Amino acid sequence: MDRDRAERKGRTILLDAIRPNSRNTDVAVLVRPLDGTGEADTGSHVPGLDGLRGLAALYVVLFHCWLLAFPGFPRNSGPLWLGWLMYGRLAVVFFLVLSGFSLALSPARNGWQQGGVARFLRRRAWRILPPYWAALVLSVAVAHFVVRASHHGPPDYRTVAVYGLMLQDLFTARTPNGAFWSIAVEVELYLLFPLLLFVRRRLGAVALVGGVTLLVVAGGALAEGASPVEGDNWLAPNLVPVFVAGLVGAGVVVAREKVRRMPWHWLAASAVVPVMALVAVKGSVWTVHHYFWVDLAVAPAMAMFLAGIATGRPAFLLRLLATRPMRGLGNFSYSLYLIHLPIVMVVVRKIAPDHVSAGLPTFSFTVAVGLPASLLSAWVFAELFEMPFKRRRSRRTE
């Protein structure tokens, strides 16, 4: 009886946390089904994930506003109080943890069974590729005719071939959009996902996390200076354990009640504090040059944070993420990530110089003009190139 009352109380807390202060709110929008591809089908969606995705995308936009306004990265040439905007890479790491978590929710509820590799890959392609290719066309046009996105010159035929086939982590090409490197990483992780699920199902979470992490750590330790080279055209194997952290963390939705009741949000805070302290002590230059290791260090905290969200804590954050603006932002966050950088670059390099001086005035102008322009453009872009593929699937993918 005590356990039943506790479970009912837990469900009440979760519903209270996600229920906005509006009589007209459709809770079905918040609690919608998913399948093993991260799309709506069977299983249960964790409320709040869309809002978190939107906030991460928004942070990436602000990072690029900062990056283009203050030269000298990874040295902080801007005001100290804006130093928190320097770490856009960590937002991408969070995206990947969140991706692994979201994609694994339905398999976790189904004995870590995926439901067909070919089906999974078709549905991922249907969801990811159309808006990406549309953003590639837009980015190439802006980079070629308006403002360069690469120090090596405007995009060429090699750019279109490499980025069109999502091979930018394997082959060097003039980038049309500096944010595209992580999309290729996502695709690589999608290809690995069925194998990772197989290991999780057959050998367990410890074997999966331990095996993948040990391989990556060994490779990193053997690199020159124990600091592997990374860049826009280089594989980032350290992001595989990051993705795996999210995948394994999704198991909290089917864990024993004792595990679900653990204070995951406080555990996440405890795990991230040492990483933040290290970053603060070492500074931005050291951090950026050691992202290989920083990524690995911060991923467990991110996974535990998502476990907290999945179990309904902290409630105040769930209420915030359940608001209409947060849900809306999360709904077109992929489009925002894809197209914001060309817009910000146009504002910084073509418009701002005619109106404000360099440095903080340029940053302020870019946030005031470029951020709303990015949000509005991303919403329109999503309505044209993303939402049609979210709302309906091709008959071949069903």
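Colleague: Which residue just after helix 4 takes a positive phi?

Modeller: Gly111, with a phi of about 65°. Helix 4 covers residues 88–109; helices here (H or I, at least four residues) and strands (E, at least two) are DSSP runs, numbered from the N terminus. This is a predicted model, in which local features need pLDDT of at least 70 and side-chain atom pairs pLDDT 80 or more, while totals for chains, interfaces and linings use all residues. Residues are numbered from 1 along each chain as its sequence is written, and side-chain values use heavy atoms, without hydrogens or water.

Colleague: What about Trp112, what is its phi?

Modeller: Phi of Trp112 is near 60°, which is positive in a residue other than glycine. Trp112 sits in the loop between helix 4 and helix 5 (117–145).

Colleague: Is Trp112 buried or exposed?

Modeller: Trp112 is buried, at a relative accessible area of 8%. Buried means under 20% relative accessible area, exposed over 50%, and partly exposed in between, with a 1.4 Å probe and protein chains only.

Colleague: Back to helix 4. How many of its residues are buried?

Modeller: 21 of the 22, so helix 4 is largely enclosed by the rest of the structure.

Colleague: And where is the kink in helix 4?

Modeller: At Leu103, by about 30°, shortly before the proline Pro107. The bend at a residue is the angle between axes fitted to the seven residues ending there and the seven starting there. End to end, from first C-alpha to last, helix 4 reaches 33 Å, close to the 32 Å expected at 1.5 Å a residue. The expected span is 1.5 Å times one less than the number of residues.

Colleague: Where does helix 13 bend?

Modeller: At Ala299, by about 30°, and the proline Pro300 follows within four residues. The end C-alpha atoms of helix 13 (residues 291–310) are 28 Å apart, in agreement with the 28 Å that its 20 residues should span.

Colleague: Is helix 13 mostly covered or uncovered?

Modeller: Mostly covered, with 16 of its 20 residues buried.

Colleague: What comes just after helix 13?

Modeller: Gly312, with a positive phi of about 90°. Arg313 and Pro314 are then joined by a cis peptide bond, omega about 0°. Pro314 belongs to the loop between helix 13 and helix 14 (315–321).

Colleague: And what is the peptide bond from Phe73 to Pro74 like?

Modeller: That bond is cis as well, with omega near 10°. Pro74 is in the loop that runs between helix 3 (49–69) and helix 4.

Colleague: New topic. At what angle do helix 7 and helix 8 cross?

Modeller: Roughly 130°, and the axes of helix 7 (residues 181–203) and helix 8 (residues 205–222) come within 7 Å. That makes helix 7 oblique to helix 8. Axes are lines fitted to C-alpha atoms, for helices over the stretch in contact, and angles run from 0 to 180 degrees between N-to-C directions. Angles under 35 degrees count as roughly parallel, over 145 as roughly antiparallel, 65 to 115 as roughly perpendicular, and the rest as oblique.

Colleague: Which residues meet there?

Modeller: On helix 7, Leu196, Val199, Arg200 and Leu203; on helix 8, Ala205, Ala207, Leu208 and Val212. The residues in this contact divide into 7 nonpolar, no polar and 1 charged. Ala, Val, Leu, Ile, Met, Phe, Trp, Tyr, Cys and Pro count as nonpolar, Asp, Glu, Lys and Arg as charged, and the others, Gly among them, as polar. Contact means heavy atoms within 4.5 Å.

Colleague: What about Met166, where does it lie?

Modeller: In the loop between helix 6 (157–164) and helix 7. Phi of Met166 is near 60°, positive in a residue other than glycine, and Met166 is buried at 9% relative accessible area. Ala173 is in the loop between helix 6 and helix 7 and is buried at 11%.

Colleague: What is Ala143 in contact with?

Modeller: Leaving aside neighbours within four places in sequence, Ala143 contacts Arg148, Ala149, Pro154, Pro155 and Pro176. Ala143 lies in helix 5 and is buried, with a relative accessible area of 3%.

Colleague: Whole chain, then: how many helices and strands?

Modeller: 18 helices and 0 strands. Buried residues make up 50% of the 398 residues.
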